[in-house]
Amino acid sequence: MQPSYSTRPTMRVNLDNLRYNYETIKKRVGNAKIGASVKADAYGLGATQVGRALYGAGCRIFFVATAGEGKILRDSVGPNSAIYVLNGPSPRDKGVLLGAKLKPVINSLEQAQFWAQVSNSVNEPPYTAIHIDTGMNRLGFDEEEFKEFARDKKLWSALNPEWVMSHLACAPDKDHPLNAQQLAKFKRAAAQLPMTPLSLANTAGTYLGKPYHFQMVRPGIGLYGGYATNTPEQEDIRTVVTLLAPILQIRNINKGESIGYNASYTAPRDMQIAVLGAGYADGIPVLASNKGYATLHDEAVPVVGRVSMDITMVDITDVHMHKEVGGVVVFRGDQLENEASEIGTINYEMLTRMGQRLRRDYGKPEKSNAQPARQKPFKPSKSSGYQKRR
Ligand SMILES: *Cc1c(COP(=O)(O)O)cnc(C)c1O
């Protein structure tokens, strides 16, 4: 048994690798600024710690989704950073936005009019960013609305826009025609305006080349060690997040016996399974039942039976090294994208689903047998060819 054995699962976040990923994006985009996307609690990693680490690396611009997220981040990064709230201003959030000096992203004429009113009623109203839709049909001014807005000098200046931004729908696929269409539309819209710095690219957009970088890029997933594009060979990123599930019990199962709720798995042979102290409450999706896998000493260990709230079983029959109670099995980590694709989801969702119960470890990985090896190439079962991170 491991000496520091705990029944509680752990999310381990490697902040050195986060900083490495930040630096590589910085190199790629040259003079463009980086506005880090830290919405949804920094993609589940913890906005407070991530915010502080990015601030330490030199980041001074952040994007969150809501005012509440912005307030938490403000407490973490202090007064010298710009924090933009992507989902825009609303009457109920007005106090938090002003109190924490958050900058709303203005997505519509309605938001513009509301925020102009607020701005005109306070001293030193915060600057804003203007978000125009260029083909994604999610948030942002549509073309007609934007023309109207751009002509309204009074409204424009009441909002004090610092940035005009848009968001790419298909940036992971560099050959997708929508990329160039959105770029052209973005430039056309920007041409109607007084000189304002521009921002278009998310992480994937940074790989589309210089014309997409403008004066600021807004990476998220790439900072957190997730592959952003359909050609991950080109991405030099390091793994940031691992979910470590402790082995609570090791059982020998006879051929023909079933495992877990609903007896959804029947042992095809005599086998050995590890009962892990992490379940769907911790972020192991029920969809991973009989489908997903984790790793033990870099070997794939398939999930057998249905994932339950606090417990998951994996098949460790073919693993020969160090199988013991107190050892840990690794989810996410280097196999993040494969784990996601095996169950039909994406790396973003796998990260943001990390459970509240996880112990959170932001320290340096210790060197012990329980530590997942992160340097060796790892190809799981039907690997989709993801390049191993460094
Ligand atoms: C989430 C988000 C980003 C970051 O996207 P990634 O794909 O994680 O790099 C950038 N811009 C906007 C508007 C977003 O909503």
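Relative accessible area, computed with a 1.4 Å probe on protein chains only, was used to class residues as buried (under 20%), exposed (over 50%) or partly exposed (in between). The structure is a predicted model, in which local features need pLDDT of at least 70 and side-chain atom pairs count only at pLDDT 80 or more, while totals for chains, interfaces and linings use all residues. Residues are numbered from 1 along each chain as its sequence is written, and side-chain values use heavy atoms, with hydrogens and water left out.

The domain assignment, with bounds from an automatic or database source, gives domain 1 (31-224) and domain 2 (241-389). The centres of domain 1 and domain 2, taken over C-alpha atoms, are separated by 37 Å. To the contact between them (heavy atoms within 4.5 Å), domain 1 gives 9 residues and domain 2 gives 8 residues.

Pockets were located on a 1 Å grid over the protein atoms alone; a pocket is an open set of points where a 1.4 Å probe fits, with protein on both sides within 12 Å along at least five of seven lines, and a lining residue has an atom within 4 Å of a point. Grid points were joined across faces, edges and corners, and volume was taken as the space filled by probe spheres set on the points. The largest pocket holds about 920 Å³ of space. Its lining consists of 38 residues, and Lys 39, Tyr 43, His 167, Asn 202 and Tyr 348 are those nearest the pocket centre. Both domains take part in the lining of the largest pocket, with at least three residues from each of domain 1 and domain 2.

At least two lining residues of the largest pocket come from each of helix H2 (39-43), helix H10 (203-206), helix H11 (336-342) and helix H12 (347-352). H12 supplies the largest share of this lining, 4 residues. The lining of the largest pocket comprises 20 nonpolar, 13 polar and 5 charged residues, where Ala, Val, Leu, Ile, Met, Phe, Trp, Tyr, Cys and Pro count as nonpolar, Asp, Glu, Lys and Arg as charged, and the others, Gly among them, as polar.

With a salt bridge defined as a side-chain nitrogen of Lys or Arg within 4 Å of a carboxyl oxygen of Asp or Glu, the count comes to 14 salt bridges. One of them pairs Glu 144 with Lys 147, with 3.7 Å between the closest N and O atoms. Both residues belong to helix H7 (residues 143-151) and are 3 residues apart, about one turn of the helix. Glu 144 is exposed at 54% relative accessible area, and Lys 147 is partly exposed at 33%.

A salt bridge also forms between Arg 269 and Asp 315, whose closest N and O atoms are 3.3 Å apart. Arg 269 is in the loop between strand S12 (265-266) and strand S13 (271-276) and Asp 315 is in strand S16 (residues 312-315), so the pair ties together parts 46 residues apart in sequence. Arg 269 is partly exposed, at 32%, whereas Asp 315 is buried, at 10%.

Asp 310 and Arg 357 likewise meet through their side chains in a salt bridge, at 3.0 Å from N to O. This pair links distant parts of the chain, 47 residues apart: Asp 310 lies in the loop between strand S15 (299-302) and S16, and Arg 357 in the loop between H12 and strand S18 (359-361). Asp 310 is partly exposed, with a relative accessibility of 34%, and Arg 357 is partly exposed, also with 34%.

Asp 41 is placed in helix H2 and is partly exposed, at 32%. His 322 is placed in the loop between S16 and strand S17 (328-332) and is partly exposed, at 42%.

Lys 174 is found in the loop between strand S7 (161-165) and helix H9 (177-191) and is exposed, at 55%. Lys 174 touches Asn 179 and Leu 208, residues up to four places away in sequence not being counted.
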